[in-house]
Amino acid sequence: MNKAAETLSNAAEFTVSELSSALKRTVEDTYGHVRVRGEISGFRGPHASGHCYFALKDESAKIEAVIWKGVHGRMRFKPQEGLEVIATGKLTTYPGSSKYQIVIEAIEPAGVGALMALMEERKRKLAAEGLFDESRKQLLPWLPEVIGVITSPTGAVIRDILHRLEDRFPRRVLVWPVRVQGEGSAEQIAAAINGFNALEEGGEIPRPDLLIVARGGGSLEDLWSFNEEIVVRAAAASMIPLISAVGHETDVTLIDFAADKRAPTPTAAAEMAVPVRADLAIEISSLARRSFACWQRGQENRRAELRGAARGLPKLSELLAIPRQRFDRASAHLPRALRANTHIYDRRLSMIAGRLTVTTLRTQIARAKDQVSRLSESARRCSEHFIALRRTRIQHSAQMLAALSYKGVLSRGFALVRDEAGQPLHHAAQVGTGERISIEFADGRVAATAHGTPPSAKKAAKPSKPTAAPETKKVQGDLF
């Protein structure tokens with residue numbers, strides 16, 4: 001026992017902090033950067049600070065993990081609860097709780113199965129928001145003037161689209177070059193969709209009538225940029241009709257559900273975008289021939305109907321025979337009818353002239369004079385009554401004016417005091433010593449100069465002995 005105690009007493013002594021630091025250096029120097037495969041557990045989203053804290057576990061072990069805020073913002077794949085991932089980072093310790101942990105710098109799903117699970121979960125989430133509803137789909141324009149293509153400018157996809165458009169119906173094409181895979185590609189694709197939608201109609205750069213988002217075939221990892229939420233939401237929010245042409249016919253991405261139309265290949269997208277010009281020319285020619293043939297048949301039918309109607313009509317001489325007879329008979333009777341009509345009006349004129357004697361005219365004139373006399377007498381009485389009413393009103397108004405005028409007050413022995421500007425003064429405090437005033441009596445005005453101290457000034461000088469002004473010396477302004 002003494003020997004063991006002596007051995008322990010010779011061991012180096014550490015503080016807790018020194019021991020924790022030594023263990024931290026040992027773990028970091030021994031392992032450094034590692035790749036760990038496991039299932040995310042305990043992830044509840046970023047902390048208020050922006051950092052992420054969770055654990056990686058398998059069937060028999062668990063290790064704590066942390067992702068710093070800046071790293072999490074740059075990550076292509078975001079951690080989600082229950083997702084199996086491969087994490088790359090630096091192994092270290094946390095002295096505050098005596099635990100070792102991995103500081104993750106990159107994270108990726110572990111295999112296609114994890115990607116498919118993540119894709120299905122994201123699909124359910126976006127579908128629940130209504131981004132895939134058929135009611136949101138727009139109809140494609142029949143013949144767009146300008147087509148916007150979002151794809152890589154160096155791949156075979158853009159050449160296939162341009163070649164197919166040239167074969168079918170050449171249109172103006174605007175290409176927005178983007179990365180179609182790798183870090184930052186999803187942000188570029190979404191920015192391109194939003195950028196085309198932000199163009200003004202009639203601007204220097206024309207606003208496309210149709211958008212095509214295209215990419216060639218590849219693995220699920222290669223096409224993953226088109227499964228990102230930012231791309232799907234941009235496609236769903238696009239006000240320009242959008243065709244999704246990502247991958248081959250068997251490849252399915254989430255942008256296909258948000259797009260207005262899905263094309264199995266980029267070449268098929270070009271075929272959906274425009275019709276075949278040669279087919280249109282043939283169809284137009286066929287319609288023109290059919291239209292001309294229909295017009296010719298209609299003209300022939302009208303000619304036949306006109307010829308039949310012309311055969312059924314009588315001759316011109318037959319149509320005019322009866323009217324000519326009527327005209328001749330009327331012209332033969334006209335002189336006799338004119339003489340008879342003249343005779344009738346002559347008798348009427350004689351009868352009227354016989355009634356117009358001097359006595360008759362005098363009687364009618366006398367009646368008219370009587371009527372005029374009655375009307376003038378009635379007008380005179382109405383005028384006198386109207387003038388009497390107005391005179392009474394004027395007299396009443398004059399009495400009211402005299403009763404309310406201050407002149408009546410002055411006639412009873414009062415006076416009106418005015419300042420130099422001619423404004424009435426209501427209080428003695430308004431008059432200063434030496435100020436010129438005018439006093440108006442009932443029979444005229446008198447100029448005066450004020451002397452002495454106003455009552456308000458006296459009150460201010462001797463507040464302990466307030467004196468009330470006699471009732472007989474009220475300020476003239478109280479009367480008004």
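1. S152 sits in the loop between β6 and α5, where helices (H or I, at least four residues) and strands (E, at least two) are DSSP runs numbered from the N terminus. At 17% relative accessibility S152 counts as buried, a word that here means under 20% relative accessible area with a 1.4 Å probe and protein chains only. Leaving aside its neighbours within four places in sequence, S152 is in contact with I158, V178 and V180, contact being heavy atoms within 4.5 Å.

2. A word on the basis of these values: the model is predicted, so that local features need pLDDT of at least 70 and side-chain atom pairs count only at pLDDT 80 or more, while totals for chains, interfaces and linings use all residues. Residues are numbered from 1 along each chain as its sequence is written, and side-chain values use heavy atoms, with hydrogens and water left out.

3. Five strands form an open sheet in the order β7-β6-β8-β9-β10, with parallel pairing, and two strands pair if DSSP finds at least two bridges between them. Because β7 (172–177) and β10 (261–262) each have a single partner strand, they stand at the edges, and one side of each is left without a neighbour in the sheet.

4. Within this sheet, β8 (residues 210–215) and β9 (residues 242–246) pair in the parallel sense over five bridges, and I212 has I243 in β9 as its bridge partner.

5. For the protein chain as a whole, there are 14 helices and 13 strands, and 28% of its 480 residues count as buried.

Definitions and conventions: Buried < 20%, exposed > 50% of the residue type's maximum accessible area, 1.4 Å probe, protein only.
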